Amino acid sequence: MEVYDFAIVGAGMAGASLAAGLAGQASVVVLEAEDQPGFHSTGRSAAFWEECYGGPEIVPLTLASGEFLRDGGFLNRRGALYVGRKQDKPRLDAFEERFGSTGATFERLDAAGLRAMIPGIRDDWCDAIWEPACADIDVAGLHQHYLKGLRSGGADLVTKAELDQAEYDGGEWQLQTSDGREYRARTLVNAAGAWADRIAEIAGCRPVGIGPLRRTVAQLRVSPAPAATNPLVLDISGRFYFKPESGRLWLSPHDEEPSEPCDAAPEELAVAEAIDRLESVVDWKVEAVERKWAGLRSFAPDRLPVYGPDPRKPAFFWFAGQGGYGIQTAPAAAAIATAMLLQTPREDFARGIDASIYSPERFG
């Protein structure tokens, strides 16, 4: 039986991007539990690249990835507005202070500037921060780019391969899927998203506390229809965001409901809350909810990603906990993890990032 250099659990954006980086330089097998890659969080992303999303510690990953995404043609400029009312001024002030030295580009807008960008916004929304660089991401195109890269590099992608057992004998992992198939690898990489802690337990490693949170999105038909050039709009208090998509409006209540790892389904109450919040912001008429969906965003306790070898079992490598920013940071994250695993220099675009803050060693 072939012994792979690396077995990666999960073929979403995380696993696919890392496999593409390793393929051609090492032997790789990717074990995907579902019938197709990207069924869960990757296939349900709201699909935007926003410089400040995730906090200051995530900005270096986002900015570095932006270079890769722009060069690859995966970004379409949109712009983003964090909006607030008079009472929200301290939150907007704190945002400016928090991100002022990160390298992110933004400016403060007054009520007139805000109204020029969002026709129909209600009068009590009078303060905003404008991020001109925010862009839509071609998530499907990026994922396919990585899947093509891993295949062309000689990696094996196996679907319907739910990991059931993982034993390490000191030199290699003996892996078995739920249908009895067996694989061997020198290093086991945990890119299982919402299932990351479960994979750690199967492998005999201590979980780090990565918890899935459900996020709901609805597609609405509204009148007037949103212009294709409208920006992404986010509440500075974190209670909603919305953006145009093919003549419709994608809206989320920015919910974060704890969930078991699963095929997440939207809650009717979350959709109703999102619509109620939208109607408090703009005078648009909601004519129909055309579809709705939910995805799981998985966070470590400190909400930072987890990249690196397990401190107690170095042949187990964490590549998880990437929250809602895993798509927009995928290129830099994969470059960091690839360099760690191969013990080679990082690609130039990701070379300046301090990755020590993402190490699993921080959990003790």
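How many salt bridges does a search of the whole structure find? The search finds 25 salt bridges, a salt bridge being a side-chain nitrogen of Lys or Arg within 4 Å of a carboxyl oxygen of Asp or Glu.

The model is predicted, so local features need pLDDT of at least 70 and side-chain atom pairs count only at pLDDT 80 or more, while totals for chains, interfaces and linings use all residues. Residues are numbered from 1 along each chain as its sequence is written, and side-chain values use heavy atoms, with hydrogens and water left out.

## Salt bridges

| Pair | N to O distance |
|---|---|
| Arg-108 and Glu-96 | 2.5 Å |
| Asp-127 and Arg-108 | 2.9 Å |
| Glu-290 and Arg-221 | 3.5 Å |

Arg-108 and Glu-96 meet through their side chains in a salt bridge. This pair links distant parts of the chain, with Arg-108 in strand E6 (residues 107-109) and Glu-96 in helix H3, 12 residues apart. Helices (H or I, at least four residues) and strands (E, at least two) are DSSP runs, numbered from the N terminus. Arg-108 counts as partly exposed because its relative accessibility is 25%, and Glu-96 is also partly exposed, with a relative accessible area of 26%. Buried here means under 20% relative accessible area, exposed over 50%, and partly exposed in between (1.4 Å probe, protein chains only).

Arg-108 also forms a salt bridge with Asp-127. Asp-127 lies in strand E7 (residues 125-131) and Arg-108 in strand E6, so this pair ties together parts that are 19 residues apart in sequence. Asp-127 is buried, its relative accessible area being 12%. Arg-108, Glu-96 and Asp-127 belong to a network of salt bridges that also includes Lys-89 and Asp-93.

The side chains of Glu-290 and Arg-221 meet in a salt bridge as well. Glu-290 is in strand E18 and Arg-221 in strand E13 (residues 211-223), so the pair ties together parts 69 residues apart in sequence. Glu-290 is partly exposed at a relative accessible area of 34%, and Arg-221 is partly exposed at 31%.

## Buried charged residues

Arg-346 is found in the segment after H8. Arg-346 is buried yet has no salt bridge, and Asp-354, the nearest side chain of opposite charge, is 6.4 Å away. For charge, Lys and Arg count as positive and Asp and Glu as negative; His and the chain ends are not counted. The side chain of Arg-346 reaches the backbone oxygen of Ala-350 at 2.9 Å. Leaving aside neighbours within four places in sequence, Arg-346 is in contact (heavy atoms within 4.5 Å) with Ala-335, Ile-336, Ala-339, Arg-351, Ile-353 and Ala-355.

Asp-255 lies in the loop between strand E16 (248-252) and strand E17 (257-258). Asp-255 counts as buried because its relative accessibility is 10%. The Asp-255 side chain makes a polar contact with the side chain of Thr-216 at 2.7 Å. A polar contact is a pair of N or O atoms within 3.5 Å; within protein, one must be able to donate a hydrogen and the other to accept it, and residues adjacent in sequence count only if both atoms are side-chain atoms. Beyond neighbours within four places in sequence, Asp-255 is in contact with Arg-214, Arg-215, Thr-216 and Ala-270.

## Leu-341

Helix H8 (residues 330-342) contains Leu-341. Leu-341 counts as buried, at 15% relative accessibility. Its C-alpha atom is separated by 8.3 Å from that of Leu-22, 319 residues apart along the chain. With neighbours within four places in sequence left aside, Leu-341 is in contact with Phe-6, Leu-18, Leu-22, Thr-187, Val-189 and Phe-317.

## Pocket and cavities

The second largest pocket holds about 520 Å³ of space. Elements giving two or more residues to its lining are helix H3 (89-99), strand E14 (232-235) and strand E18 (285-299). Helix H3 gives the most, with 5 residues. The lining has 22 residues, of which Cys-52, Gly-54, Gly-55, Tyr-82 and Arg-98 lie nearest the pocket centre.

The structure holds 2 cavities of 30 Å³ or more. The largest cavity has a volume of about 40 Å³, and its lining includes Met-117, Phe-242 and Trp-284.

On a 1 Å grid over the protein atoms alone, a cavity is a set of points where a 1.4 Å probe fits but cannot get out, and a pocket is an open set with protein on both sides within 12 Å along at least five of seven lines; lining residues have an atom within 4 Å of a point. Grid points are joined across faces, edges and corners, and a volume is the space filled by probe spheres set on the points.
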